[in-house]
Amino acid sequence: KRSILELMDIKFRKEEVKQVKKIMTVVFVVLFVASVFGVANAADYVGAKKCKMCHMKQFKAWEATTMAGSFENLKAGVKVEEKKKAGLDGAKDYTHDKGCLKCHTTGYGKPTGFTSIEETPDLAGVQCEGCHGPGGTYKDIMKANKDYKLAEVKGAGLILPSEDEKGCMVCHGGDSPFTDKVDPKYKFNFKDRLIKTHEHTPLKS
């Protein structure tokens, strides 16, 4: 027969196991919720139409750039000679080509980013968030407090292209068929592009 102490020890261990299971369950639920909502909030693309509500000058300047109309270049019969020179078929429709969409749309392949022209037409072209990152979170901070700190919105996901040359080179280098070897006009000048993309608002501290 087991002693009272042994029985108490067994009971204690069972209770301990139950507590551990409860704690693990709570931890799992918290991590799951955080992963679902955290990723969604961090990855919300809102589209240039939302950005222009407070940044009209920047929007109008951007609207005149080749980035704004970059999706149109994927259509059949557009930029035929340029495509031919780069080894592409000018008569082909590239608007659903995965290899092209990543650099001619905003957020392609990312949560809430561009999926297709039928489903997400407001994210066609390389928009504000293509360079500044998805704005679902930092947009709300800017809207709620005009005196926001730069560090605050950067912490919420805002990217400053002037600090992210590598981000530009993902599309202006690498496997792009349009390089300066095809035509000198495709040579990418990072500093020059920063100036020409849109009018700039003085950065906050």
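How many helices and how many strands are there in the protein? The answer is 10 helices and 0 strands. Please keep in mind as you look around that this is a predicted model.

**The overall picture**

If you follow the sequence from one end to the other, the pattern reads α-α-α-α-α-α-α-α-α-α. The protein has 205 residues, and buried ones make up 28% of them. Its exposed surface comes to about 14,200 Å², with 61% of that supplied by carbon and sulfur atoms.

How do contacts relate to distance along the sequence? Take the contacts between residues at least 6 apart in sequence: 53% of these join residues at least 24 apart.

**A lysine and a histidine**

You will find Lys57 in helix α3, which covers residues 56-63. Is Lys57 buried or exposed? Lys57 has a relative accessible area of 59%, and because exposed means over 50%, Lys57 counts as exposed. Lys57 also gives an example of two residues set apart in the sequence: His198 is 141 residues away along the chain, while the C-alpha atoms of Lys57 and His198 are separated by 7.9 Å.

**Aromatic rings**

Now for the aromatic side chains. The model holds 4 aromatic pairs. One of them joins Tyr108 and Phe114, with 6.5 Å from centre to centre and 50° between the planes, and this pair is tilted. Another brings together Phe178 and Tyr186: the ring centres are 5.4 Å apart and the planes stand at 65°, so this pair is edge-to-face. The reason lies in the angle, because planes over 60 degrees apart count as edge-to-face.

| Residue | Relative accessible area | Class |
|---|---|---|
| Tyr108 | 23% | partly exposed |
| Phe114 | 1% | buried |
| Phe178 | 27% | partly exposed |
| Tyr186 | 24% | partly exposed |

Why is Phe114 buried? Its relative accessible area is 1%, and buried means under 20%, so Phe114 belongs in that class. Its partner in the tilted pair, Tyr108, is partly exposed at 23%. In the edge-to-face pair, Phe178 is partly exposed at 27%, and Tyr186 is partly exposed at 24%.

Definitions and conventions. Residues numbered from 1 in each chain as written. Predicted model: local features only at pLDDT ≥ 70, side-chain atom pairs only at ≥ 80, totals over all residues. Heavy atoms only, no water. Helix = DSSP H or I, 4+ residues; strand = E, 2+ residues; numbered from the N terminus. Buried < 20%, exposed > 50% of the residue type's maximum accessible area, 1.4 Å probe, protein only. Contact = heavy atoms within 4.5 Å. Areas by Shrake-Rupley, 256 points an atom, 1.4 Å probe, with all protein chains shown as cover. Phe/Tyr/Trp six-rings, centres within 6.5 Å; stacked < 30°, edge-to-face > 60°.
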